[in-house]
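This note concerns the charged side-chain pairs of the model shown below. Please read the points alongside the coordinates.

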Amino acid sequence: MDLFPLFLTAKVSFIATFFTVIIGLAVALVMARRDFFGKRIVDVLIMQPLVIPPTVLGYYLLTVFGRSGPIGRFLEDVLGIQIVFTWKGAVVAAFISSFPLFVKPARAAFESVGKDLEDAARLLGKTEFEIIKTITLPLAWRGIAAGAVMAFARATGEFGATLMIAGNIPGLTQTLPIAIYDAVQAGQSSVANTLVGVITLFSFVVLFAAGRFTKGRF
């Protein structure tokens, strides 16, 4: 059995989760602490990947990051980076798909932090960065950790959008879910069963860990 899809899936999931956490923390904090015009629309856009079909999401990504798309043309012409039909495309698909699963619990965690504690710190002369570092993040870390675990699990299981933007190229862009699809199509039941068992066990462990974080028990 080719182990490349397993290693590629792990690589894509870790990279996508890294960017999800870094960018998602800033977005979740702004959504939890700031009121601005169009906030409801931004909230809906963030949640869109959860409700639209994965193939539709993949089509949007293909349109944006393709050679004829604005971002794709800039990345390729100026930076020499190709997204479509590369493992980077799988990272983009995993990032977009998992982003709302991190932002939602992280935002809820930030909103649960008492503003009176932050206001007291401001009266003591603490900067906003110091408040976030010493008060907000430590009190909200369980929700943030749970969101990161859920985002990683979603990135691991991403299929439809990845197939659209990264394709199904064995040894290059074939992730674990796509490898399962190929094995079923080829009638390789033993391979499909093994891969399904691996990803099912992993999903169970991830969901169990996320539940422990959310409830505060270890």
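1. Burial is used here as follows: a residue is buried under 20% relative accessible area, exposed over 50%, and partly exposed in between (1.4 Å probe, protein chains only). By that scale Arg-40 is exposed, its relative accessible area being 63%.

2. The model is predicted, so that local features need pLDDT of at least 70 and side-chain atom pairs count only at pLDDT 80 or more, while totals for chains, interfaces and linings use all residues. Residues are numbered from 1 along each chain as its sequence is written, and side-chain values use heavy atoms, with hydrogens and water left out.

3. A salt bridge is a side-chain nitrogen of Lys or Arg within 4 Å of a carboxyl oxygen of Asp or Glu. The structure contains 10 salt bridges.

4. Arg-40 pairs with Asp-43 in a salt bridge whose closest N and O atoms lie 3.3 Å apart. The two residues are three apart in helix H2 (residues 39-47), a separation of about one helical turn; helices are DSSP runs (H or I, at least four residues), numbered from the N terminus. Asp-43 is buried, at 18% relative accessible area.

5. Lys-39 forms a salt bridge with Asp-35, with 3.4 Å between the closest N and O atoms. Lys-39 is buried at 16%, whereas Asp-35 is exposed at 72%.

6. Glu-76 and Arg-67 form a salt bridge with an N to O distance of 3.7 Å. Glu-76 is partly exposed at 31%, and Arg-67 is partly exposed at 44%. Elsewhere, salt bridges with shared partners link Arg-40, Asp-43, Arg-107 and Glu-111 into one network.
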